Amino acid sequence: MKSDKPKVVHEVLGTPMVRWVVDAAHAAGIDCVVTIVGHKREEVIPLVPDTRIAIQEQQRGTADAVLSAREALADFDGSLVVLSGDCPLITPATIQKLIDMREQADAAVVVLTMQLDDPFGYGRIIRDGKGHVERIVEQKDASPEEAAVCECNSGFYCFDARRLFAALEQVGNDNAQGEFYLTDVLAICREAGDAVCALITDDPMECLGVNTPEQLANVADIMQARIAAE
């Protein structure tokens with residue numbers, strides 16, 4: 001981001017990115033929100049006083065990050081949505097659709113996916129011969145055939161909380177990044193015989209993440225257009 005500030009502190013239309021995500025969760029009817037923080041957390045925590053705080057002491061991957069929230073959610077059972085603090089365009093309606101699909105299917109997990117013409121850099125959704133979600137393969141670990149798949153992982157999920165934390169205990173880091181991937185939970189749940197589902201978004205824009213100042217400006221333009229349309 002060419003800045004000393006934590007990424008999620010950067011503002012979209014005057015509001016920090018992380019606030020857009022937390023507010024979307026609340027608008028979707030989620031009362032208990034946990035914010036997982038790590039690097040420069042002292043700048044992030046004051047922005048989310050209406051959430052519980054969980055600390056990831058070392059940045060060891062997305063599975064490790066979610067596992068950091070286990071204590072904060074020790075008394076929780078039911079649908080657990082995982083959102084990304086640098087994706088401020090996610091809507092309450094989509095969050096609710098994820099929850100509804102998981103609960104109707106009694107699935108271990110529902111992943112929000114998107115069809116992209118240029119999927120480079122995104123995890124690919126690998127389906128079996130019957131069209132069921134089998135696993136997610138990260139770009140750096142994908143074979144040429146897998147890399148050709150255009151259905152991609154958005155990074156948004158709805159899990160059954162208890163099955164999620166049980167599966168997280170089994171996640172390893174034998175991959176190109178040497179990290180603990182949250183995406184590995186899908187294959188673990190499938191192997192356990194649990195339902196793994198995908199919700200394909202009809203608006204890939206709401207899954208856009210911000211990693212550069214240019215992307216931040218693009219997201220602000222999209223948000224402004226959305227507000228004007230509403």
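Before starting, a definition: Ala, Val, Leu, Ile, Met, Phe, Trp, Tyr, Cys and Pro count as nonpolar, Asp, Glu, Lys and Arg as charged, and the others, Gly among them, as polar. Keep in mind that this is a predicted model.

**Exercise 1.** Describe the lining of the second largest pocket.

*Solution.* 
1. Start with the space: the second largest pocket holds about 290 Å³.
2. The lining has 17 residues, and Ile-136, Asp-174, Tyr-181, Asp-184 and Ala-187 are the ones nearest the centre.
3. Sort the lining by type: 6 residues are nonpolar, 5 polar and 6 charged.
4. Finally, find the elements. Strand S8 (133-137) and helix H7 (184-191) each supply at least two lining residues, and H7 gives the most, with 4.

**Exercise 2.** Work out which parts of the chain the salt bridge between Arg-19 and Asp-50 ties together.

*Solution.* 
1. Find the contact: the two side chains meet at 2.9 Å, N to O.
2. Arg-19 belongs to helix H1 (residues 17-27) and Asp-50 to the loop between H2 and S4, so the bridge ties together parts that are 31 residues apart in sequence.
3. Check the cover. Arg-19 has a relative accessible area of 14%, so it is buried, while Asp-50 is partly exposed at 36%.

Note on methods. Residues are numbered from 1 along each chain as its sequence is written. This is a predicted model: local features need pLDDT of at least 70, side-chain atom pairs count only at pLDDT 80 or more; totals for chains, interfaces and linings use all residues. Side-chain values use heavy atoms; hydrogens and water are left out. On a 1 Å grid over the protein atoms alone, a cavity is a set of points where a 1.4 Å probe fits but cannot get out, and a pocket is an open set with protein on both sides within 12 Å along at least five of seven lines; lining residues have an atom within 4 Å of a point. Grid points are joined across faces, edges and corners, and a volume is the space filled by probe spheres set on the points. A salt bridge is a side-chain nitrogen of Lys or Arg within 4 Å of a carboxyl oxygen of Asp or Glu. Buried means under 20% relative accessible area, exposed over 50%, partly exposed in between (1.4 Å probe, protein chains only).
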